[in-house]
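This report describes a chain and its ligands, beginning with the ligand surroundings and moving on to the domains and the backbone. Please read it alongside the structure.

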Amino acid sequence: MAGIYIHIPYCRQACSYCDFHFSTSLKDKNALVNSIVREIELRRNYLQNNKLESVYFGGGTPSLLNRSEFETIFEALNKRFIYDNASEITIEANPDDISKENLEIWKHLGINRLSIGLQSFNDKELKWMNRAHNAKQSVNSVKMAQDEGFDNITIDLIYGSKFQDLKSWENTLLQTVSLNTQHISSYNLTIENKTVLGIQNAKGNEPSINDDLSSKQFLMMSDVLKQNNFIHYEISNFGKPGFFAKHNSNYWLQKEYLGLGPSAHSFNGTSRQWNIKNNSLYIKAIEQNTSYFEKEELSVSNRFNEYVLTRLRTIWGCNAQEIKQLFGEKIHAHFLKMINDKQKDFDENNGVYTLTTQARLYADGIASDFFIS
Ligand SMILES: C[S@@+](CC[C@H](N)C(=O)[O-])C[C@H]1O[C@@H](n2cnc3c(N)ncnc32)[C@H](O)[C@@H]1O
Ligand code: SF4
């Protein structure tokens with residue numbers, strides 16, 4: 001079954017590290033919601049059928065939408081798609097938007113999974129990140145959501161900044177575990193060129209990432225979270241049994257998804273397309289019925305490369321028989337030859353090849369060695 005991703009491109013303030021598409025001016029929020037509704041109509045036949053396993057509101061900050069904006073979008077989805085209690089309906093919610101009132105609204109709308117961006121428990125680090133909340137607020141926000149009956153919560157963390165050494169990272173992990181959520185996503189800080197952090201780093205005012213420390217933090221994270229009943233099912237993702245993210249798992253398992261809103265990507269098995277990354281141009285193009293996306297048809301080699309890149313990040317790994325079926329004999333032979341050259345990086349089970357935890361540190365590099373043109 002397929003999923004829908006809806007991009008809400010607004011944030012209260014710009015975090016110093018973030019290069020996702022968002023605007024801090026909220027003036028066209030209502031118009032953009034109406035454009036998303038129109039895009040739902042325009043693309044109602046994009047997926048092979050209209051049954052949804054997941055709907056994911058990402059951003060930006062979807063928790064900035066008000067009740068009537070959410071209702072407008074859900075009404076449009078209900079008209080064209082089918083989903084039920086078993087479907088995963090997630091919103092990314094920033095701690096500063098989590099209140100009893102909002103939680104009640106979200107629950108009422110059928111949202112059954114919250115992704116809460118904690119990032120850190122260190123107030124100095126949160127300030128440096130230019131987050132709009134402090135650590136106490138974050139912890140309270142998770143508890144409030146649990147009290148309101150949300151029983152599928154994931155937390156976002158970032159590691160690798162100058163504020164974290166190994167000891168403080170271990171404390172962060174243990175604090176996170178004590179919040180008793182079902183899922184954790186934890187990302188190694190990336191310094192992106194156009195962000196405040198990237199600019200300060202280029203001027204020499206902020207240090208680059210210490211890769212050696214980040215690697216140690218990654219291995220520590222894997223150990224500590226595994227000891228606490230989390231399964232390390234994707235490089236940056238940990239879920240308790242039964243709580244892997246359905247939406248993201250679909251991406252990693254090459255299932256089709258429809259992406260709505262500015263900058264959203266879509267995939268239908270044979271092509272990818274991505275919407276324009278500009279709010280007013282997106283609204284205008286949808287209004288005037290002009291083009292608002294670019295599209296790439298995927299060749300067999302593109303699809304094989306993407307398969308290896310995404311699968312090697314997960315516990316599902318690369319399945320040799322599946323590779324033969326999907327991509328043919330020649331690519332299958334190439335895959336097995338590469339596996340043979342890189343045996344030390346892999347575990348094998350019934351023809352399924354997964355990276356060892358140590359090798360996951362270099363997953364993208366290892367995957368790129370398999371690429372064909
Ligand atoms: C695009 S944000 C949207 C979620 C929400 N607005 C928030 O801030 O919590 C998704 C996640 O990506 C991660 N992220 C964004 N930029 C990053 C970067 N440069 N390095 C590492 N993680 C990053 C953060 O953990 C963030 O929670
Ligand atoms: S991390 Fe989240 S809140 Fe911060 S700028 Fe990026 S999308 Fe917005």
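## Ligand 1

A nitrogen atom of ligand 1 lies 2.9 Å from a polar backbone atom of Thr-190, which counts as a polar contact (a pair of N or O atoms within 3.5 Å; within protein, one must be able to donate a hydrogen and the other to accept it, and residues adjacent in sequence count only if both atoms are side-chain atoms). Oxygen atoms of the ligand also take part: one is 2.8 Å from an N or O atom in the side chain of Arg-131, and a polar side-chain atom of Asp-156 lies 2.5 Å from an oxygen atom of ligand 1. In total 16 residues surround ligand 1, with Gly-60, Gln-119, Arg-131, Asp-156 and Thr-190 the closest; a residue is taken as near a molecule if one of its heavy atoms lies within 4 Å of it.

The model is predicted, so that local features need pLDDT of at least 70 and side-chain atom pairs count only at pLDDT 80 or more, whereas totals for chains, interfaces and linings use all residues. Residues are numbered from 1 along each chain as its sequence is written, chains are lettered from A and ligands numbered from 1 in the order in which they are written, and side-chain values use heavy atoms, with hydrogens and water left out.

## Ligand 2

The shell around ligand 2 consists of Cys-11, Cys-15, Tyr-17, Cys-18, Phe-22, Gly-60, Thr-61, Asn-94 and Arg-131. By class, this shell has 5 nonpolar, 3 polar and 1 charged residues, where Ala, Val, Leu, Ile, Met, Phe, Trp, Tyr, Cys and Pro count as nonpolar, Asp, Glu, Lys and Arg as charged, and the others, Gly among them, as polar.

## Backbone features

Gly-60, which is listed for ligand 1 and for ligand 2, is joined to Gly-59 by a cis peptide bond with omega of about 15 degrees. Gly-60 is found in the loop between strand 2 (52-59) and helix 2 (67-80); helices (H or I, at least four residues) and strands (E, at least two) are DSSP runs, numbered from the N terminus. In the loop between helix 8 and strand 7, Asn-229 has a positive phi, near 75 degrees, although it is not a glycine. Most residues other than glycine have a negative phi, and most peptide bonds are trans.

## The two domains

The domain assignment gives domain 1 (2-252) and domain 2 (300-370), with bounds that come from an automatic or database assignment. Their contact (heavy atoms within 4.5 Å) takes 14 residues from domain 1 and 11 residues from domain 2. Together the domains bury about 1100 Å², 64% of it on carbon and sulfur atoms; buried area is the accessible area (1.4 Å probe) that two parts lose on being put together, summed over both. In domain 1, Leu-219, Ile-235 and Trp-252 lose the most area to domain 2, together 43% of what that side buries.

## Salt bridges

The structure holds 22 salt bridges, each a side-chain nitrogen of Lys or Arg within 4 Å of a carboxyl oxygen of Asp or Glu. Across the interface of domain 1 and domain 2 there is 1 salt bridge; the side chains of Glu-234 and Arg-313 meet in a salt bridge at 2.8 Å, N to O. Arg-12 pairs with Asp-96, their closest N and O atoms being 3.0 Å apart, and this pair links distant parts of the chain, 84 residues apart.
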